[in-house]
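Please look at how the parts of this model touch one another. The report below walks through the interfaces in turn.

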Amino acid sequence: MILTPEVLAIFILNTIFAFFATIAFVLSVKIFLHWNIKSVSQSQYKLEKQSYLSATIIKYIFAIKVPLFLFFIFTLDKISKVITGAMCGAGVVDATPYGTYLLILKVINLYVFAYWLMLNSVDMKNEEQPYTKLKFGIYIIAFFLLMGELVLEGVMFNSIDIDKMVSCCGTIYSSTASSYISNIFSIDTGMLLFLFYGTYVLIMLFALLKNKYLFSIANLFFIIISIIAIIVFFGTYIYQLPTHHCPFCFLQKDYYYVGYLIYIFLFLGTFYGVIVAFIDAKKEQMQRDTKISLVFNTLLVLLLSAYPLIYYIKNGVWL
Amino acid sequence: MIELKNVNKNYEVNKNNIVNALQNINISIQEGELFVLKGASGSGKSTVLSLIAALSKPTSGEVIVDAKQISKLPDNFASEYRRDNIGFIFQKYNLIPTLSVSENILLPLVPLNLPAQEAQQKLQRVMKMFDISHKAEAVVKNLSGGEQQRVAIARANVNDPKIIIADEPTANLDERLSLSFIEILKELKALKKTIVIATHDPLFFNLDCVDREIELHKGNILS
Amino acid sequence: MRSKINFYLIEYALNALLREKYKSFFIMSIFTLLTFLLTSVFFITNSIKYELQSTVDTLPQIIVQKIKAGRHYDIDESVVDDVLDIAGVDDAVARVWGYYYFENAGVNFSIVGIDAYEKQYKKSFENIIEDFDFATLEQTPSMVVGRGVKEIMKQSYYDEYFNFIKPDGSLKRVDVAGVFDGQTQLESNDMIVMPKETLKEIFGMDEMQATDIVVKVKNPQEVSTVAAKIKLIYPDTRIITTQDLQISYQNIFDYKSGIFLALFVIAIFTFFIIIYDKASGLSSEEKREIGILKAIGWKIDDILKEKFYEAFILSLFAYLLGVILALLYVYLFQAPILRDIFVGYSQLKTSFELPFIFDLHTLFLVFFLSVPVYVAAIIIPSWKIATLEADEVIR
């Protein structure tokens, strides 16, 4: 059990989330079952009002969750100083069997909630409110994901044992270790870079062709390939160390917190990219989303490419 | 322009007590008309006004404005419709007493987030039109009744709506001010606005500028 | 894209706050107090942690104490030679030190004995030896005192010298040769340094004995190994390493912050309820206002947005105010009252200044513990206001 003020703060906010998310959940179920935009009955009118409360709660949770996610990573970094062996967030994530799942779930939830908000904003712009049933249906699923995250987070912080030795990122993200993460190192670097830049080019191409489904799929693929490329290749240039592969360390001050920038670019770029296929929005909005996606994906590619390039210019060799 | 078709409106006071405010009402108002709804208080004329303004929804029937079904609009769209099409002049003016004249007039524009210049233009136009420019910075609660009403009228017109709705506009005015209100109505009519007034002030009966009158009694049309 | 900030709405929100002067002021006071307390506590703990850390860093890596009948006892100086034989040991020094209770002022002095020719286990002692001629100090029994000590002595009219009472009741006069400033204030405000011989006489210790032995190890990673070896040779000793000290300090701290935080959870909950209550209690004036806004075309979303702007302006302002007040309180006024809870050294009457440690992380932490809680508390009341039936309120 570890109860630093940071963890306590996260727990307090989680309690608030759980409380409000449950209210929104109950309302969403009611709306999902009984929503009828054509009806002029009192109950429909009441549901309409309640939909505003649910939407407000969901907006609130998302608005706090985004900065809280960064704070969570920050907290992991801080806790890592208390836990023997851990040198950055990776060690803490690895300290319990729940860490990795929690992190993955957190990221999924960010995408789901962001998707919900987009759907909501499109829905509210249409007099027919065609997505109301759908969006509250999605929230019902999102609610369980969120609760899963909150429980998992509680369990994880509960089971962190300060006295137990954990692995530092050097062993988790190394090509010699036998953990499942190290499987990704079996991919050939040239192949990986080809995939990374190739996917990026495909994204550009599909945007030009205006094929939103392919564009969306390419973006989905780009999330995964980017993370692997960061761990296997780009990370080493950020650290300027051929053996250092950690996707957490560059969140620390020593690397000017560049990790936050990288992950924010990645999130915004791919989120707006994936979303276009899922929402039947007006043309202008779709163009806007596509543009945002392209801008942030490009920024990500430029930022990541800058590290090896600058290294090469400075030192005249590749790592 | 404005059409009420078979409109019923019930208010639920409590489970066993439902008031029929309107019963099967059919009204049709043409564009540019000055339309007067007469009737004692409780006759349902205010209800008609709030239905036209989409402030409330009919229990059954349809309210159609500009070929648009407004009786089924979701709340946000009802508000947008109201903001863009309706200028509402209330009996009690309904100004915010602690704000200044110009702040009150600008209230409907706040959510629009217009460029400052455009908002100022609109403000100056209506303040001049309704002769309240000299009090622009005065706090509303220090104004006389007549001035407050001019502020209310200016606010109703700031977004240049097609329809003006007035609920008992002269109830709190003396005769001189009431007459000047009628002058303002004529001006608005000259601007081709559709005007709907609910009143029991005899001053409005048989005015030249009034195109049509309807009398309501306990939720039914009399004449 | 409508993402442009709506300054009209912000202005309106600001006006609305000012209109409800008393309510806003009340909420803001509570909020400010909360952030102020919270920030102060974090600032104080951060500073003390820093101060303690630097104290611990100056401490010897290993301390060897002799234990007899479960109590700390004087140790033979000959142990030093055995310890020096252990591989990896850089240096070992026998220390003579202890507390002297000065009844007149009701104060404990800590007195340390040092020899000029020995290798010093503390940097500050080396400075003292450089500054004062210890060889002559040994001739005429004299001492060097910390700045705080000097003042306390002066209050009892001991300026040039001080009379120590030996265990047998006789007096030992020791001259004050000078005053020093310590590395940390905690460390030196109650400290006296004098030659070992003199100190042994005052404490009535045997010639060939010492209070304890400090050991320096070349490789910090080997500290625990060396500690185990000493324990093996001398089973009647207690071995304390800096790591142990650090953990026990940390535990005391976590315990104290823990109590505070437990109280704080209750405070947050109360705060939530108060805000909820205040935000729900609407005057008819406020209700009418919302009704007017809706009647002239404000959407539910516009009103919600306005309410959140209000909340954000209020909470951000209160947050900043709380943080600034805490900065002043902790670092300018040295946190009277609150500090004692965390320090607990007040019995020794040592005074020390809280070093200025500015940690951005703390500010984020306080932010997350206050602003979202406040905003959460107004969600339901705001929604209730925003969905009021305009038609019913304005008539």
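This is a predicted model: local features need pLDDT of at least 70, side-chain atom pairs count only at pLDDT 80 or more; totals for chains, interfaces and linings use all residues.

Residues are numbered from 1 along each chain as its sequence is written, chains are lettered from A and ligands numbered from 1 in the order in which they are written, and side-chain values use heavy atoms, with hydrogens and water left out.

| Interface | Buried area | Share on carbon and sulfur atoms |
|---|---|---|
| Chain A and chain B | about 970 Å² | 54% |
| Domain 1 of chain A and domain 2 of chain A | about 2000 Å² | 72% |
| Chain C and chain B | about 2600 Å² | 53% |

## Chain A with chain B

Start with the residues in contact (heavy atoms within 4.5 Å). Chain A gives eleven residues and chain B gives ten residues. On the chain A side, Val40(A), Tyr45(A) and Glu127(A) lose the most area to chain B. Together they make up 50% of what that side buries.

How many salt bridges cross the interface of chain A and chain B? The rule finds two. A salt bridge here is a side-chain nitrogen of Lys or Arg within 4 Å of a carboxyl oxygen of Asp or Glu. Glu48(A) pairs with Lys57(B) in a salt bridge, and their closest N and O atoms are 3.5 Å apart. Helix α2 (residues 42–79) of chain A brings three residues, the largest share of the side that touches chain B. Helices are DSSP runs (H or I, at least four residues), numbered from the N terminus. By class, this side of chain A has five nonpolar, two polar and four charged residues. Ala, Val, Leu, Ile, Met, Phe, Trp, Tyr, Cys and Pro count as nonpolar, Asp, Glu, Lys and Arg as charged, and the others, Gly among them, as polar.

## Inside chain A

Chain A is divided into domain 1 (5–159) and domain 2 (169–315). These bounds come from an automatic or database domain assignment. The C-alpha centres of the two domains lie 25 Å apart. In contact are 23 residues of domain 1 and 25 residues of domain 2. Tyr111(A), Tyr115(A) and Met118(A) lose the most area on the domain 1 side, together 30% of what that side buries.

Which kinds of link does the rule find between these domains? It finds zero salt bridges. On the domain 1 side, α2, α3 (89–95) and α4 (99–124) of chain A each supply at least two residues. The largest share, ten residues, comes from α4(A). By class, the domain 1 side has 16 nonpolar, four polar and three charged residues.

## Chain C with chain B

Here 29 residues of chain C are in contact with 31 residues of chain B. The rule finds one salt bridge across this interface. Glu80(B) and Lys299(C) meet in a salt bridge through their side chains, at 2.7 Å from N to O. Helices α1 (7–19), α11 (284–295), α12 (300–332) and α15 (390–393) of chain C each supply at least two residues of the side that touches chain B. That side of chain C divides into 13 nonpolar, three polar and 13 charged residues.

Methods
Buried area is the accessible area (1.4 Å probe) that two parts lose on being put together, summed over both.
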